[in-house]
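Let's take a walk through this fold together. Have a look at the model first, then read on.

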Amino acid sequence: MYASEKLMNFRWVAKVAATYSPYILSVKDLADQKLFSELAEIGQFTELAYTNTVPVQFLFEHLNPLMNPKLPLEGYNALEGSVLVSEFFGKVAHLHGYVAYRPKTKQLVVATSGTSTAIQAIQDLRTLWHRHKSRKGLVHSGFWQLYKGIRPFILEGIRKGFEEHKDIQELVITGHSMGAAVSYILLLDQILVSNDLIPADLPIKLVAFGAPRPGDANLSMYYQELIGAYRRKNGDDAFSEYLVKAYNDGVPALPPLFLGYRHFTLSPLYYDHLRLYHIPPRYSEYTSFHVDAEKSPEYPRGGHNYYNGRDQEKLLRRLGWLEKSLAKDDSCWEEAYLERVRKHSR
């Protein structure tokens with residue numbers, strides 16, 4: 001099951017840096033299946049942001065064949081019918097992301113990649129503080145620089161999305177790992193404070209998988225104040241946020257608490273063996289939890305790249321084969337790709 005695993009899954013960080021909560025999650029904390037399914041579907045868009053070798057435009061233009069058995073997007077059915085609005089690479093560390101319209105749910109989705117290159121990892125390690133422009137707190141300097149590098153492209157993509165699709169009913173901001181931290185900063189810096197970026201009363205949803213801590217306690221409080229103000233103005237259901245942590249994923253334990261870093265979401269979720277649990281607010285900063293439930297044989301070791309019952313590295317591996325197939329003969333890419341699948345299956 002793990003023989004082909006090459007990416008870091010931060011299990012060792014979970015063992016060294018993460019503290020187990022004294023609270024044991026159980027059946028009374030289970031999230032309902034509808035929420036689990038909804039977040040898993042959005043997670044498909046989140047994972048697609050990691051592809052920076054095959055153009056996202058090609059993927060969206062060829063969704064139907066790419067979702068066939070053994071093809072790269074097999075099982076990624078939530079993408080069906082979706083339309084790419086824009087793709088971008090940031091000015092700092094070439095951070096990748098895209099904006100897409102999902103007609104089935106009438107959502108505009110903004111997805112930002114997590115760390116995928118060494119130069120991006122350097123930004124992750126820049127844990128010195130930067131005073132946020134609101135003067136309300138401190139933000140991780142590396143995440144802030146990455147965000148500034150993609151900010152104009154994200155804003156342009158969001159505006160373009162609303163211009164081209166008049167029936168949008170929800171804006172979804174999503175990311176995995178560092179991309180999740182950048183998503184928080186986008187909300188803090190633009191979405192929750194801008195009066196002209198999105199239509200009035202539009203519901204906003206944040207879905208963050210395996211996010212590191214993006215700022216200090218004061219900035220977290222300011223984020224909560226902005227959410228409260230947005231809900232008072234537009235209704236309690238106008239903003240929903242889901243920070244999902246996972247079994248054996250050490251990234252949410254970083255940067256550590258003793259440096260002053262905090263998460264922004266007060267009621268996160270915990271993914272463990274195909275189940276999703278609500279974490280009580282008083283335990284929101286804990287990264288690891290014991291769960292009073294049977295373990296699933298599906299990816300039993302957990303880790304940073306195993307959210308939503310999927311192996312994210314499998315997707316990236318298949319997209320790598322697709323890139324090579326397109327380079328060989330872009331007119332017969334499907335045949336060339338399947339030959340690579342057969343080769344690697346021997």
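This is a predicted model: local features need pLDDT of at least 70, side-chain atom pairs count only at pLDDT 80 or more; totals for chains, interfaces and linings use all residues.

In which sense do strand 6 and strand 7 pair, and over how many bridges? Strand 6 (residues 170-176) and strand 7 (residues 204-209) pair in the parallel sense, over six bridges. Pairing here means that DSSP finds at least two bridges between two strands.

Residues are numbered from 1 along each chain as its sequence is written, and side-chain values use heavy atoms, with hydrogens and water left out. Helices (H or I, at least four residues) and strands (E, at least two) are DSSP runs, numbered from the N terminus.

Now zoom out to the open sheet: eight strands in the order 1-2-3-6-7-9-11-12, with mixed pairing. Strand 1 (83-89) and strand 12 (275-278) sit at the edges with a single partner strand each, so one side of each has no neighbour in the sheet.

What lies across strand 6 at about 145°? That's helix 7, which also lies across strand 3, strand 7 and strand 9. Angles run from 0 to 180 degrees between N-to-C directions, and axes are lines fitted to C-alpha atoms, for helices over the stretch in contact (heavy atoms within 4.5 Å).

Helix 7 (residues 178-191) also has a helix partner: its axis and that of helix 6 (residues 141-164) come within 9 Å and cross at roughly 65°. Among the residues that meet are Trp144 and Ile150 in helix 6, and Val182 and Leu186 in helix 7.
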